[in-house]
Amino acid sequence: MTTDDPKKPQDDDCSPPIEPFRVVASAVDGAGHSIGITSEGWVYTWGRTNALGQLGRPGKARTRRAAQFADPDENENDSKTTKNTNHNTTRRNLKVKATRAFAGGTSDAGHSAVIDSDGHVWMTGCDRWQQLGLGSSSAGASGYTWKNGALWQERFQKNHFLPDLMRRHAYDSTGSSGNNNTDEDGTHHDTLIRDMALGGDHTLVLSSNQRDVFAFGNGGDGQLGLKTGKPFVSCPVRSAHLSSSSKASDRNTIAAVCAIRHCSLTLDQHGNVLKQAGKCRHLTNDFAQALASCQDRAEREGLTHAK
């Protein structure tokens, strides 16, 4: 949701906001950055480094500051220019109110995701393995580059391809238009996404139908759960292994997803592991702590519940 609310924090405001503030996402396994959302829905980020844009704002400042959300039309216009053009585009930031946030990465890189109040997904940070999912099904292993050839984004970018892919899959599977709502006044709200998880350099998205899991980014260790193998780079695709193969029931309903470095997991309604893919190190303390943290988050957000 975009708004012109005057209470929106300034980009150079690094002090804690006056409104009640909650930390909603902290990257595990060494990435060292966090995301917070105020009661008004404004997004703040902070962390160890912003070298690859994981904090969603330009500059090297590591203290708590307001994130920036790029106007999608700006990227569309910039894509029409070439590397040899000295064209200076004025950056346009939108005022976006968020409801949920997710952080991932490693000590070398990081990426972040936000879901706004209309259900749209925004992503920023390292995109070397297409873990931001901003490309298309034709991108392939060659990947895609953005402004100045940089394989990262320093401001949150709206992801258009992912919801389109999810809607197409829902239509192909059910013959209906997928999961969406339109209010009586005509306002459209996406309800496509139930949960997200960001690993070391890959991303998982659970559909609201609680059957389909979409994965993208680095799949070199099998963490994407694809039938096609273990691609080092992948745009968003449905994960055949992680997804449920039949209609949701108490036995195969997917309630939440977890991504821990090079491992992907799905959880049932009670928070137990249903399936896993990739390099999962269950015997290590760090992995066990990260999994417990994900299970706690799922229960706290009402996605799972104890027996």
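Visitor: Are Phe69 and Trp122 buried or exposed?

Guide: Buried denotes under 20% relative accessible area and exposed over 50%, with partly exposed in between (1.4 Å probe, protein chains only). On that scale, Phe69 and Trp122 are each buried.

Visitor: On what basis are such values given?

Guide: The model is predicted, and local features need pLDDT of at least 70, side-chain atom pairs count only at pLDDT 80 or more, and totals for chains, interfaces and linings use all residues. Residues are numbered from 1 along each chain as its sequence is written, while side-chain values use heavy atoms, leaving out hydrogens and water.

Visitor: How many aromatic pairs does the whole structure hold?

Guide: Rings of Phe, Tyr and Trp (its six-membered ring) pair if their centres lie within 6.5 Å; planes under 30 degrees apart count as stacked, over 60 as edge-to-face and the rest as tilted. A search of the whole structure gives this number of aromatic pairs: two.

Visitor: Which arrangement do Phe69 and Trp122 adopt?

Guide: Strands (E, at least two residues) and helices (H or I, at least four) are DSSP runs numbered from the N terminus. Phe69 belongs to strand E5 (residues 69-70) and Trp122 to strand E9 (residues 121-126), so their pair ties together parts 53 residues apart in sequence. With 5.4 Å centre to centre and 85° between the planes, the arrangement is edge-to-face.

Visitor: Which arrangement do Phe69 and Phe156 adopt, and why?

Guide: Phe156 lies in strand E10 (residues 152-158) and Phe69 in strand E5, so this pair ties together parts 87 residues apart in sequence. Because the ring centres are 4.9 Å apart and the planes are at 15°, the pair of Phe69 and Phe156 is stacked.

Visitor: What distance separates the C-alpha atoms of Gly217 and Gln131?

Guide: Gly217, in strand E15 (residues 213-217), counts as buried because its relative accessibility is 0%. Beyond four places in sequence, its contacts (heavy atoms within 4.5 Å) include Trp129, Gln131 and Phe232. Gly217 and Gln131 are 86 residues apart along the chain, and their C-alpha atoms are separated by 3.8 Å.
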